[in-house]
Structures are given as structure tokens and as C-alpha cells.
Amino acid sequence: MSKHILIVGGGYVGMYAARGLRRLIRSGEVTVTVVDPRGYMTYQPFLAEAVGGTIEPRHVVAPLNRVLKGARVLTGHVTRVDHEARTARFQPVQGPARTLTYDILVMAAGSITRALPIPGLAEHAVGFKSLGEAVHLRNHVLAQLAAAASTDDPLVRRRALTFVVVGGGFSGVEALAEMQGLADEALRYHDGIEPADLSWTLVEATGGILPELHPGLGRWTVDALRARGVDVRLETRLSSAEGGVARLSDGTSLEAGTLVWAAGGRPSPLAADSGLPVDEAGRLRATEYLTVAGLADAFTAGDGAAVPDLTRPGRFTAPNAQHAVRQAKLLARNLAAHVRGGRLKAYRHAYLGSVAGLGHHQGVAQVHAIRLTGFLGWLAHRAYHLAWVPTFNHKARVLADWGLSMVFRREAVQLTAVEHAGEDFRRALAAADHVQVFPA
């Protein structure tokens, strides 16, 4: 009898597990349903390059309907899971909610932005976790440069040219680096603004940045950013963003026209809200076999799961793409074995290292004991991530984008109107209300 596998989340874990199942499962053994709010998988490491303009935003995502042939892809949210009844409450993007039934559950909802109760944060900051935020940030940076070039008010100009990024992890560092690279190139089209007029600040609460890398590489990155004019504030927190003013714990106040919140993530609250077993951090309690501890017919992996790290007893695997992709591939094999009554395999993967791109053809990389900086680090960053881009189609498109960016300058056009496409139409309607038409 065919089993129905419900996969909640279409990110790294959800997409790669579903792809793996397609190759491992014989026809008629299972049906697979994948539920995701957006309907596409985002390759997170390339979001920064989407901001910088070296990769076309559409090439950063993989449409699930296209990649997961044979699976049913539903766009919307699972709002609650009742595993005892083997049901999930599904809210589609349009229309009423309905109930989905399943035999086997895969919880791969991942993580969401970790927000803190900082005054003014919601009103004046932008996150950096989704493609929409990356596209908005690119448009916003270019709009700020245009605003600065179009005003005679020194206060407005200074605010427009002040950029603050909170969070010294990979997302924050790479976002700032690519934003700076984009701005530096776009300045050639704005007379009267020099690179020195721009203010760049990176705020990090701990004593170092890029914590997954060797501390020496973190220090090298701090020095490299400072050499490019970035004010790196370590052991500093954002206290308030009210009025668009970034007030820091060291007493500094910055009139920030751009404030980016990249201070990490937290597990999706879906598991905790559904009464599934979670730890104190809200992660699903997992076994080394990628099953949910204490539950039958339930699997999990990725950012939202506390998976034991068998290479470091007593610890859990880090919430990064390296583990998520490898866990997903094993998860597919374990799901196939589970359906057939076979033995599951434990997840064991020693951490290989990490890479980070810093724009301006600079980067840092650590692979086992090998550490690379500068241009070699940048090449390693690109090679590593290209290898993990799903499908040959997307690899080719990313390579083409990189090739074109080496030959031609980046496009510096702002498309903020796309984000508010109805404004011109509403303005035209409002103007029409004031026009009096007299009969002939």
C-alpha cells in the first residue's frame, strides 16, 4: 500500500530530500507532498550576490514545481500538525484552510529571523533572509545614492549615505561587503559623491565575526573590512532604532538611512506550537537517524532540528547549509528504508570548514587545516557554493552571470517602483477625481 509522505518546508532539507526520494523510490511506493510558503528553494549563500548585482535574483532560487517532478507542491503555510491523528492544517496562499492527511511526516520548516524587542527595529530595519529582502535591499541602496545626489540638505545627504548592518555572521558580513561593492560602482553615475562620503558600520555583539571560521580568519576579515573604510564595532549591540537613528550600546548614534538586521535566526515555532518534542531553543529533538525523538513515522533535519553530532559527542550539528544538504540526502535514504522496513543509517559528518565572500574579489575560506584569504579565498567561496547549486540549469545560469559581471559593469538601475507597482495607477485615479468633464 502506498505511503503518503508530507514534507513541511521546501528549503535545503525539504527540496533535497524530495529529490532524493524520487530517485530511490519505485513507482507506486509513496506519494510525496511538499508544502512551502513561497514555492521555491532559496540558495541562501547567494543572496548577498543578488544584492550586489553579480547574480540575477531569479537564479538564486529553484522553483519546486520544476525541480520536484512527480511530487505535489502546495504553496502556503502549515499552521499546525496533529501527529497523533496524522493530519496537518494547511493554509493556502488564497482560499480557506483545509486539512492534509499523511502517513509519514518530515518536519523541515527551518528557521526564521531572530528578532529582539528593540524599539524601532520593526519600523526602520530590513531583514536579510529572503530573496524579497535581498531585492528590496539592492533597490534601497541605489535609491539612497540617488537621494543623496539629488538633495542640497546636508542632513538628508548624510543620512542617505549611512549604512548600518547588525550581525557579524556570514549573512551580515557578506551583505555589507556586497552592498559596499554595489555602491562603489554605482557612484560613478552620481557626480559629487565620493566613496569617502559613505559611512559603513558593522555591529557585532561578540568579540569576533564569522564564528564558524578559525578566529584568525575572522580577525583577517575585520582588518580587511576596516581597510575598506568599514567601522567594525565588536562587543556592541543595537539598543534602539527609533526615528531611524541607530543607537548603539557604546553610546554611538547614527542617522541610518539603511539599517540591516542580520543577527541570526531561530527555529520555526511550528513544532513547538504543534506540541512536538522540542528543546529549550525550540529545535525539534532529533535522533542520529534523523527521526523525531519519541515519535513514530516522523523525521526532521536542518536548522530547526537538534541533530546529535556524532563527531563531537554531546554537541549538535551546526545550523548551516553544509549539514542541511548532507542530512537531506541521508534523510531520503532513511525514508526509503523506513517505507520498506529496512535499517536506518546514522548521520555522521565531520565539519569540513566554511567560506565567505567579501566582494571586491576578496574572500576567506577554511577547508580542514587549509586557510585561504583574499583572491584565493574568493575563488574558493565561488567554487564551493557553485558545486552545491541545485540542477545543471541553475549552475549554468550562475556561471553565465559571473562571466558577464567580469566583462561588463553592474547594472545600477533602481527598480523601487516594482515593489509598489500600484502607486502610479492609484495616483492617476486620484487625479481623475479632480478633473471636471463638461458636456459638449
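Q: What makes a set of grid points a pocket?
A: A pocket is an open set of points with protein on both sides within 12 Å along at least five of seven lines. In this predicted model, the second largest pocket has a volume of about 570 Å³.

Q: Which residues lie nearest the centre of the second largest pocket, and how many line it?
A: The lining holds 21 residues. Nearest the centre are Gly53, Glu56, Pro57, Arg138 and Glu411. Helices α5 (131-149), α12 (392-407) and α13 (416-419) each give at least two lining residues. By class, the lining divides into 9 nonpolar, 4 polar and 8 charged.

Q: Why is the Tyr12 and Tyr43 pair called edge-to-face?
A: Ring centres must lie within 6.5 Å, and planes over 60 degrees apart count as edge-to-face. Here the centres are 6.0 Å apart and the planes stand at 75 degrees, so the pair is edge-to-face. Tyr12 sits in helix α1 (residues 12-24), and Tyr43 in the loop between β3 (40-42) and α2 (47-52).

Q: How do you know whether Tyr12 is buried or exposed?
A: Buried means under 20% relative accessible area. Tyr12 has 13%, so Tyr12 counts as buried.

Q: What about Tyr43: buried or exposed?
A: The relative accessible area of Tyr43 is 4%, so Tyr43 is buried.

Q: Which residues do ring pairs link into a cluster?
A: The cluster contains Tyr12, Tyr43, Phe46 and Trp402. The structure has 5 aromatic pairs by this rule.

Q: What makes a space a cavity, and how many are found?
A: In a cavity, a 1.4 Å probe fits but cannot get out. The search finds 2 cavities of 30 Å³ or more.

Q: What lines the second largest cavity?
A: Its lining includes Tyr43, Phe46, His59 and His394. Strand β4 (61-63) and helix α12 each give two or more residues. The lining has 8 nonpolar, 2 polar and no charged residues.

Q: What lines the largest cavity?
A: There are 15 lining residues, with Ala109, Gly110, Ala271, Leu284 and Gly304 nearest the centre. They comprise 9 nonpolar, 5 polar and 1 charged.

Q: Which residues touch the most other members of the largest nonpolar core?
A: Phe128, Met179, Leu198, Leu202 and Leu331 do, in a core of 90 residues. Helix α7 (residues 170-186) gives the largest share, 9 residues. Apart from this core lies another of 18 residues, including Leu6 and Met107.

Note on methods. Residues are numbered from 1 along each chain as its sequence is written. This is a predicted model: local features need pLDDT of at least 70, side-chain atom pairs count only at pLDDT 80 or more; totals for chains, interfaces and linings use all residues. Side-chain values use heavy atoms; hydrogens and water are left out. On a 1 Å grid over the protein atoms alone, a cavity is a set of points where a 1.4 Å probe fits but cannot get out, and a pocket is an open set with protein on both sides within 12 Å along at least five of seven lines; lining residues have an atom within 4 Å of a point. Grid points are joined across faces, edges and corners, and a volume is the space filled by probe spheres set on the points. Helices (H or I, at least four residues) and strands (E, at least two) are DSSP runs, numbered from the N terminus. Ala, Val, Leu, Ile, Met, Phe, Trp, Tyr, Cys and Pro count as nonpolar, Asp, Glu, Lys and Arg as charged, and the others, Gly among them, as polar. A nonpolar core is a set of buried Ala, Val, Leu, Ile, Met, Phe, Trp, Tyr and Cys residues joined through side-chain atoms within 4.5 Å. Buried means under 20% relative accessible area, exposed over 50%, partly exposed in between (1.4 Å probe, protein chains only). Rings of Phe, Tyr and Trp (its six-membered ring) pair if their centres lie within 6.5 Å; planes under 30 degrees apart count as stacked, over 60 as edge-to-face and the rest as tilted.
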